[in-house]
Amino acid sequence: MRALISVSDKSGVENFAKELVGLGYEIISTGGTYKKLQDAGIAVIEANEVTKFPECFEGRVKTLNPYIHGGILHRRDKQSHLDQAKELGVEGIDLVCVNLYPFKATIEKTDDFEEIIENIDIGGPAMVRSAAKNFDSVIIVTDVSDYDTVLHNLKNGTNTVEFRRDMMIKAFEHTAAYDSMIANYMNGRFNDGFGEYQFITGKKSFQTRYGENPHQKGALYEFDNHFTKHFKQVKCEASFNNINDVNGALKIATSFGDENAVCIVKHGNPCGFAIKDTLLESYTEALKCDPVSAFGGVVAVNGVVTKELAEKMNEIFLEVVMAADFDAEALEVFEKKKRLKLFAQGGTKLVMSNDTHDFKHVDGGFVYQNADCICDNEVHNAEQKSKLTATVQEMKDLEIAWKVAGLTKSNCVVYVKDSAMVAVGMGMTSRVDAAQCALKKAKEMGLDVSGAAMASEAFFPFRDSIDAAAAAGVKAIIEPGGSIRDDEVIEAANEHGISLYFTTVRHFLH
């Protein structure tokens, strides 16, 4: 039996090769892998002894040879293949262990195109695909984490066709993701990221019990191991809908750096948000915005949940709490709530991956775009359009309202007072309806909107929303501007003694 080992990630390869030798395998290898195995005292055959042809063109050609690919690809169940292999002097290769040149690591560390080109693997994917195609006879190994599983199956007589088929699928996933990464990089470099094809690849993090509804299947897939690094299921398992709601809450809670932000979300939309001196105060104030909707909701806490905060949260039914982490005493408190799900990131503050692009499924395809960024300087550099200047606290409230509005379904209007959201209207077909719906809900909750700051993620087309805000006691407004009736809006603000700022940037979210 023969095994071909040629890996860029050499962790664990020495022990893997030693174990294979102990199982009766001859080892063939190339380049740096050959040297590493040889230095470890492992009997190893250099690939050029098999190919009868030297490595050439600075290592660009090593294994692209019939003695290698014939050894991998010929069918052991066809006598004609066996006869031809014998006639040509091709010896079988029964196991191929290959992982590919580190293209991703290269593009992350350099912009040197020549170095990038040289880190596009050619022979590796060819060998992986050859072995995967002939999985009926050949084991293909592309992941160092599979070394122990492979050895276990070889030692215990469980090298079944089903096992080899699973490894085959994993191998084709590996090469598909690798080629997709290269194509996307080249389109990003030369076609502004929008080439003839767009490849979206993710690695499964875990299967959800079902999708949005019980009759649908669902799973979470991740980019760049984001959830592996930053998502720990502390208590109970996440559902498809939980993940969507957590994502919405995280985007808002992480938009304010290290501040003590708490966001409550229901069905993907915020129903409470606040930034106070402590996380307990932030949660308490956030809950006041809409405690009815918060029932069964999802909470994102930009920090570590303490026992005191946990006890406060336990006063109502919550579906999920997502936090940077949980104190041991807080976990004891939450044990009383059997249906509550707890997720943590394992740090002191929440983080987001800040994906550079965004896409949405439509029937028959998807639309793809650069990700929207709601930057701090949008508020700091906003143009003052009114005679009246906002106070320091009003500017803070405007910043919170602006960011929350930009991350909430359009049409959206957000009211913030003393760093806490007091009203929100979202997902409306009319901006006037959004503003009025928010005020109606605030009145029902007994919340005083007077003195609040208001934000709209797109311009107000008429002055009527300003008039309604003034009637409610709003003192500061921020919006993109850009309406043909901006002058009327500015005039209305000045009439009512409201400070008005234009960001010149809109943030539709559909």
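Modeller: Let me start with a term: helices (H or I, at least four residues) and strands (E, at least two) are DSSP runs, numbered from the N terminus. This is a predicted model, where local features need pLDDT of at least 70 and side-chain atom pairs count only at pLDDT 80 or more, while totals for chains, interfaces and linings use all residues. Residues are numbered from 1 along each chain as its sequence is written, and side-chain values use heavy atoms, leaving out hydrogens and water.

Biologist: Which helices each supply at least two residues of the negative patch?

Modeller: Helix H15 (307–313) and helix H16 (328–334) do. The patch gathers Glu 308, Glu 311, Asp 327, Glu 329, Glu 332 and Glu 335 on the surface.

Biologist: And where is Asp 327 found?

Modeller: Asp 327 is in the loop between strand E12 (320–326) and H16.

Biologist: Why is Asp 327 called partly exposed?

Modeller: Buried means under 20% relative accessible area, exposed over 50%, and partly exposed in between (1.4 Å probe, protein chains only). Asp 327 has 32%, so Asp 327 is partly exposed.

Biologist: What makes Phe 359 count as partly exposed?

Modeller: Its relative accessibility is 36%, so Phe 359 belongs to that class too. Phe 359 lies in strand E14 (residues 357–362).

Biologist: Now the open sheet: why is one side of E3 and of E5 left without a neighbour?

Modeller: The five strands run in the order E3-E2-E1-E4-E5, with parallel pairing. Strand E3 (45–46) and strand E5 (139–141) stand at the edges, each with a single partner strand, so one side of each has no neighbour in the sheet.

Biologist: How do you know that E2 and E3 pair?

Modeller: Pairing requires that DSSP finds at least two bridges between two strands. Strand E2 (residues 26–29) and E3 have two bridges, in the parallel sense, so they pair.

How values were computed:
Patches are made of residues with over 30% relative accessible area and no salt bridge: like charges are joined within 9 Å, nonpolar side chains (Val, Leu, Ile, Met, Phe, Trp, Tyr) within 5 Å. Accessible areas come from the Shrake-Rupley method with a 1.4 Å probe; for residues, only the protein chains shown count as cover. A salt bridge is a side-chain nitrogen of Lys or Arg within 4 Å of a carboxyl oxygen of Asp or Glu. Lys and Arg count as positive and Asp and Glu as negative; His and the chain ends are not counted. The place of a charge is taken as NZ of Lys, CZ of Arg, CG of Asp or CD of Glu.
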